[in-house]
Amino acid sequence: MDLEASDADAAFRAEARAWLAAHVPATPLPSLETREGFAAHRAWERQLAADHWSVVSWPAEFGGRDATLFQWLAFEEEYYAAGAPGRVSQNGINLLAPTLFEHGTAEQRARILGPMATGEVIWAQAWSEPEAGSDLAALRSTAVRTDGGWLLRGQKTWSSRAAFADRAFGLFRSEPGTARPHQGLTYLMFPLDAPGVTVRPIGRLDGKPAFAELFLDDVFVPDADVIGEPGQGWRVAMSTAGNERGLTLRSPGRFTAAADRLTALWRESGDPTDTALRDRVADAVIGARAYQLFTHANASRIAAGGTLGAESSLNKVFWSELDIALHDTALDLLGPYGMLADDADDAPAHGSWAEGYTFSLAGPIYAGTNEIQRNIIAERLLGLPKEARA
Amino acid sequence: MPFLLTEEQRDFARTLDALLGAADTATAVRAWAAGEHKPGRALWTRLAETGVFALAVPEEHDGMGPLPLELAVAFVELGRHAVPGPLVETVAAAAFLDRLGDAGAATDWLPRIAAGDAVIGLCADGAPFALDADAADTVLVVGGDTVCRTETHGPVQATLDPARRVSRPLGGTVLARGPAVTAAAGHAVDLARLLTAAQALGLGRALLTGTVDYVRQRTQFGRAIGSFQAVKHRLADVLIGLEFAQPLVHAAALALAGDAPSAGADVAAAKVAAGEACYAAARAALQLHGAVGYTDEPDLSLWIRKARPLRDAWGTPAACRARVLAG
């Protein structure tokens, strides 16, 4: 057991660090949840891709560097330590791409992954519906067979990035009246500017249009844009959900970098006699380190041929609560400046603490609420009995 | 860079778990709490046969160490089975004597520690009490740059953990003085802190397992109470705490083994996380066992009562958090 980087991994990290030092914008881009910021972040994705840094863990033929998990973790640590912009294309890269690698066709990979890697096509997710949030399998939007493809009908909501994105992926009910709700679902991709699609942006807590409602009125999707077998969408989607909660959605680098900045802020402006606040800073540092090490242990397990199952629910709860605690502590350290919105003139650190705080508040909700994750942990990892269901 | 225990290390843990699981440690704990050390010492002897104490002692003194990671692996199991006595102190004393540079003291004590024949108390880091001085062959007391040894102590006092009995060391003769004492003591305190964290991690695991078993079979309102979300979510949180403390313990052991500059902060982080996770496990165990948990009849109560003192031993959470930020 060790934590030593191999020579190859150390070289990879050094190369990433040098590139980032030369390219990361000196001042943060505008919030990616605004039209202007979205465009700026898209341009940043193009810049990353030009030097093969946008999707390091993908095969080289799709624009990646064939990075190992450890190299990916090193890249992420360097990325966030350098203060590089948030990833506007993360829905595609972290959620859709793993599904395409596992269940997609060669044609789909060849057609979709390149433009995803460059930010030319930015993807939104279309899972939730007004009546299907935590109970995702209760979804009602339908895909009806038509000549050469499917017609989508229904409503999706809380669709992240959909206000400005180009395409979306999601689950649709293609076989009505199945015995169980997660049967008869199909995984489809569709353009957000297709005839029949209406996008209504929804403001998140601070009013920025971070997500949208999608109204689908006989939207045509060709067979080529079905992933996996029709009717098998649940199984196909769950591989994505596992990825999302597991390793790739929130890399430890985000939190170690944020904890370092928090420590710097505390040294700069913390009251040394305020031990309550000091303890919270320490807990953020400890939590970030714990998450980093836990992830290294998981990466080691995967490298040795293991898989992540329900264990990924431990991750989801941990990082989402760490993120809020960390940003809450930062706002307290900022005193009277802590309440300023991210786009306020006097917002400290270009509003990054305020933006991070608002973003963190969604963490326990998306990608499977923490209540659902705790059920999974209790039932699948601890072996507690299932709850009686209606 | 596989950050995973090797098959050999996991085998070692399983061996200790099996040995202690079959040894009725609860009876030894109750005896120890009554000042009767014989069953506990018998456990120590069996542990010595597996090589636990030798892990702290270098080869030239009949050991096979120092191996902080293997020690941490072992102490998780010692914590899981609530083995009584100054285990942490004896092993940390071995590390202290190994680094002190006093050949006489090392030759006198280290082979005996490796063989499980010596129980050593250690009082350092400003602690006013020595643990189990009445069971120890000698007690080392470090103050500033001076270390004394003594075999006398004040009255034995109870703590919240009945098997954890403390007293003030009295008198003593100076064993060594100077910067070597300070340096050796610094390392010994870090090792003691690490192994206390490992014990807490194992204790927490045992508390969680025992509580999961209980809520699966305890029925109220016509169903197992473990099917209620309020119960499940509390236990899920206990598991999260323990799972994320574990890699901190392992990484701190690696740092200590390599004398890394970050070792002190790494050990402190591990101690905070494991101590808090174990304490949360104990609180959940108490609450979810209901009134049964608040009696001293089930063996589990012996485990529950260990958690709070372990959280403070060899560095309170506040002291360790400050140490983390000191870098």
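What follows is a conversation about how the descriptions of a predicted two-chain model are reached.

Trainee: What should I know about the numbering and the model?
Mentor: Residues are numbered from 1 along each chain as its sequence is written, and chains are lettered from A and ligands numbered from 1 in the order in which they are written. This is a predicted model, in which local features need pLDDT of at least 70, side-chain atom pairs count only at pLDDT 80 or more, and totals for chains, interfaces and linings use all residues.

Trainee: What is the mean pLDDT of chain B?
Mentor: pLDDT is the predictor's confidence in each residue, from 0 to 100. Chain B has a mean of 96, and 100% of its residues reach 70 or more. The model as a whole scores ipTM 0.96 and pTM 0.96.

Trainee: Why is chain B called as compact as a globular protein of its length?
Mentor: The radius of gyration is taken over C-alpha atoms, and the globule rule is 2.2 Å times the number of residues to the power 0.38. For 327 residues the rule gives 20 Å, and chain B comes to 19 Å, which is close, so the description holds. Its C-alpha trace spans about 65 × 45 × 35 Å along the principal axes.

Trainee: Why is chain A described as compact too?
Mentor: The rule gives 21 Å for 390 residues and the radius of gyration of chain A is 21 Å, so chain A is as compact as a globular protein of that length. The box filled by its C-alpha atoms is roughly 70 × 50 × 50 Å.

Trainee: What are the two chains built from?
Mentor: Chain A has 11 helices and eight strands, while chain B has 11 helices and 10 strands. Helices (H or I, at least four residues) and strands (E, at least two) are DSSP runs, numbered from the N terminus.

Trainee: What makes A:E77 count as buried?
Mentor: A residue is buried if 20 or more other C-beta atoms lie within 10 Å of its own, exposed if 12 or fewer, and partly exposed in between, with C-beta atoms placed from the backbone. A:E77 has 21 such neighbours, so it counts as buried. A:E77 sits in helix α3 (residues 69-81) of chain A. By the definition of buried, 47% of the 390 residues in chain A qualify, and in chain B 57% of the 327 residues do.

Trainee: Which residues does A:E77 touch, leaving out those up to four places away in sequence?
Mentor: They are A:G253 and A:T256. Two residues are in contact if their C-beta atoms, placed from the backbone, lie within 7 Å.

Trainee: How do you know that the length of α3 of chain B agrees with that of a helix?
Mentor: The expected span of a helix is 1.5 Å times one less than its number of residues. Helix α3 (residues 38-50) of chain B has 13 residues and should span 18 Å; its end C-alpha atoms are 19 Å apart, so the two agree. In α7(B), 30 of the 39 residues are buried.

Trainee: How many residues of chain A are in contact with chain B?
Mentor: There are 41, in contact with 36 residues of chain B. α8(A) gives the most to that side of chain A, with 17 residues.
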